[in-house]
Amino acid sequence: MNKREIGTKKETLARKLLLLHGYEILEMNYRSKSGEVDVVAREGDYLVFIEVKYRSTTEFGEPQQAVDVRKQQKIRKVARDYCYLKRLPAETPIRFDVVAILGEKYKIIQDAFC
């Protein structure tokens, strides 16, 4: 299995996990001129932009550590594009979460960054 196939498999797993945790999936692999975000969802009152990160081991760090400042900036830009294109009110509450998958374990990190 190549990297893209593994990524797709883990994003599918993340989608199932998010649904089990009460998220309503709005978009998968949403792309704008600014970049891409793995999942756009609703959870309670929040519009949530979610990055999925997978690592088989911690040899290169925890999965969530891969969502560095540069990646966070890109996700924020995609979120702005999404809100603008969907004509959402400026006061729409937004949150950035990360689904970190390490081997067979996972965690959903809410408010992973601002």
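1. Across which strands does helix 1 (residues 3–20) lie, and at about what angle does helix 1 run to strand 1? Helix 1 lies across strand 1, strand 2, strand 3, strand 4 and strand 5, and runs at about 145° to strand 1; contact here means heavy atoms within 4.5 Å, and axes are lines fitted to C-alpha atoms, for helices over the stretch in contact, with angles from 0 to 180 degrees between N-to-C directions. Helices (H or I, at least four residues) and strands (E, at least two) are DSSP runs numbered from the N terminus.

2. On the basis of the coordinates, this is a predicted model, in which local features need pLDDT of at least 70 and side-chain atom pairs count only at pLDDT 80 or more, while totals for chains, interfaces and linings use all residues. Residues are numbered from 1 along each chain as its sequence is written, and side-chain values use heavy atoms, with hydrogens and water left out.

3. The five strands form an open sheet in the order 1-2-3-4-5, with mixed pairing, where two strands pair if DSSP finds at least two bridges between them. Strand 1 (24–32) and strand 5 are the edge strands, each pairing on one side only, and neighbouring strands of the sheet are turned by 30° against each other on average, direction ignored. Strand 2 (residues 35–43) and strand 3 run antiparallel and are joined by five bridges, and valine 40 has phenylalanine 49 in strand 3 as its bridge partner.

4. Strand 3 (residues 46–55) pairs with strand 4 in the parallel sense over nine bridges, with leucine 102 in strand 4 as the bridge partner of arginine 55. The chain passes from strand 3 through helix 2 (residues 69–85) to strand 4 in a right-handed β-α-β crossover, that is, with the strands pointing away from the viewer, the path from the first strand over the helix to the second runs clockwise. Helix 2 lies across strand 1, strand 2, strand 3, strand 4 and strand 5, running at about 145° to strand 3.

5. Strand 4 (residues 94–102) is largely enclosed by the rest of the structure, because seven of its nine residues are buried (under 20% relative accessible area, with exposed over 50% and partly exposed in between, for a 1.4 Å probe and protein chains only). Strand 4 pairs with strand 5 (residues 105–113) in the antiparallel sense over six bridges, and isoleucine 101 stands opposite tyrosine 106 in strand 5. Their hairpin has two residues between the strands, and glycine 103 takes a positive phi near 60° there.

6. Some charged side chains deserve attention, given that the structure holds six salt bridges (a side-chain nitrogen of Lys or Arg within 4 Å of a carboxyl oxygen of Asp or Glu). Lysine 53, in strand 3, is buried with a relative accessible area of 18%, and meets glutamate 51 in a salt bridge (3.6 Å, N to O). Glutamate 51, buried at 3% relative accessibility, also forms a salt bridge with lysine 71, with the closest N and O atoms 3.7 Å apart; this pair links distant parts of the chain, glutamate 51 in strand 3 and lysine 71 in helix 2, 20 residues apart.

7. Glu43, Arg95 and Asp97 are linked in a network of salt bridges.
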